[in-house]
Amino acid sequence: QVQLVESGGGLVQFGGSLRLSCVASGNIVAINDMTWYRQAPGKPRELVARIMHDGSANYADSVKGRFTISRDNPKNTAYLQMNSLKPQDTAVYYCNANIRSQGSLWVNYWGQGAQVTVSS
C-alpha cells in the first residue's frame, strides 16, 4: 500500500509565500516523476510543476519564476515553494507520483489535496 500526503497549505496574503510538501510512504521501491497539480473551483485540474528523479523539472507558464519544485529522494518527498502568490493561485493543490512497489509495475498515485487560498 502506498500513500501520498500533502501538507503546508493555508491562507496567505497577496505577495506572500507558502511551501507545500508531499510525502510518499508505504511499499516503495522507486519513484519516477513527482508532479503538483491544482484545481480551482469550476476549472479543470492543471499541471503546475513536475520533477523527475534526476531533478529535472518543468513548470506551467503561469508559475514560472515564482514557484520552485524540488525533491528529496531518500525521504520520498517533493516540495513546492510558492512565492509572490496571487489570488489566481487559489486552488486545491494535489501531489501525483508514479511509484513502483515490490512485485508490481509502475502505478500512478494521487494525494488527498491541500487547500491554498490567496487573499487580495
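Reply: Phe-14 is in contact (heavy atoms within 4.5 Å) with Leu-85, Lys-86, Pro-87, Val-118, Ser-119 and Ser-120, leaving aside its neighbours within four places in sequence. This is a predicted model, in which local features need pLDDT of at least 70 and side-chain atom pairs count only at pLDDT 80 or more, whereas totals for chains, interfaces and linings use all residues. Residues are numbered from 1 along each chain as its sequence is written, and side-chain values use heavy atoms, with hydrogens and water left out.

Phe-14 is found in the loop between strand S2 (10–13) and S3; strands are DSSP runs (E, at least two residues), numbered from the N terminus. With a relative accessible area of 55%, Phe-14 is exposed. The classes are buried for under 20% relative accessible area, exposed for over 50%, and partly exposed in between, using a 1.4 Å probe and protein chains only. From Phe-14 to Leu-80 the separation is 66 residues in sequence and 17 Å in space, C-alpha to C-alpha.

Leu-20, Trp-36, Val-48, Phe-67, Leu-80, Met-82 and Tyr-93 touch the most other members of the largest nonpolar core, which has 30 residues. Such a core is a set of buried Ala, Val, Leu, Ile, Met, Phe, Trp, Tyr and Cys residues joined through side-chain atoms within 4.5 Å. Among the strands that each supply at least two residues of this core are S1 (2–7), S7 (67–72), S8 (77–82) and S11 (114–119). S9 contributes five residues, the largest share. In soluble globular proteins, nonpolar side chains tend to be buried together.

The neighbouring strand pairs can be followed one after another. S4 and S5 run antiparallel and are joined by five bridges; strands pair if DSSP finds at least two bridges between them. Here Met-34 stands opposite Ile-51 in S5. The hairpin of S4 and S5 has six residues between the strands, and Gly-42 in its turn has a positive phi of about 75 degrees. S5 is in turn joined to S6 (residues 57–59) by three bridges, again in an antiparallel arrangement. Ile-51 stands opposite Ala-57 in S6. Five residues lie between the strands of the hairpin of S5 and S6, where Gly-55 takes a positive phi near 95 degrees.

The structure holds one disulfide (a pair of cysteine sulfur atoms within 2.5 Å). Cys-22 and Cys-95 form this disulfide, with their sulfur atoms 2.0 Å apart. The pair links distant parts of the chain, since Cys-22 belongs to S3 (residues 18–26) and Cys-95 to S9, 73 residues apart. Both cysteines, Cys-22 and Cys-95, are buried. Because the torsion about the S-S bond of Cys-22 and Cys-95 is about -75 degrees, the disulfide is left-handed.

The aromatic residues form a further set of links. Two aromatic pairs are found in a search of the whole structure; rings of Phe, Tyr and Trp (its six-membered ring) pair if their centres lie within 6.5 Å, and planes under 30 degrees apart count as stacked, over 60 as edge-to-face and the rest as tilted. The rings of Tyr-37 and Trp-110 have centres 5.0 Å apart and planes at 50 degrees, so the pair is tilted. Tyr-37 lies in S4 (residues 30–39) and Trp-110 in S10, 73 residues apart. Trp-110 is partly exposed at 39% relative accessibility, whereas Tyr-37 is buried at 17%. The rings of Tyr-94 and Trp-110 are edge-to-face, because their planes stand at 85 degrees, with centres 6.4 Å apart. Tyr-94 lies in S9 and Trp-110 in S10, so this pair ties together parts 16 residues apart in sequence. Tyr-94 counts as buried, at 15% relative accessibility.

Ser-101 is buried, with a relative accessible area of 9%. Beyond its neighbours within four places in sequence, Ser-101 is in contact with Val-2, Asn-27, Val-29 and Tyr-109.

Technical notes: Helix = DSSP H or I, 4+ residues; strand = E, 2+ residues; numbered from the N terminus.
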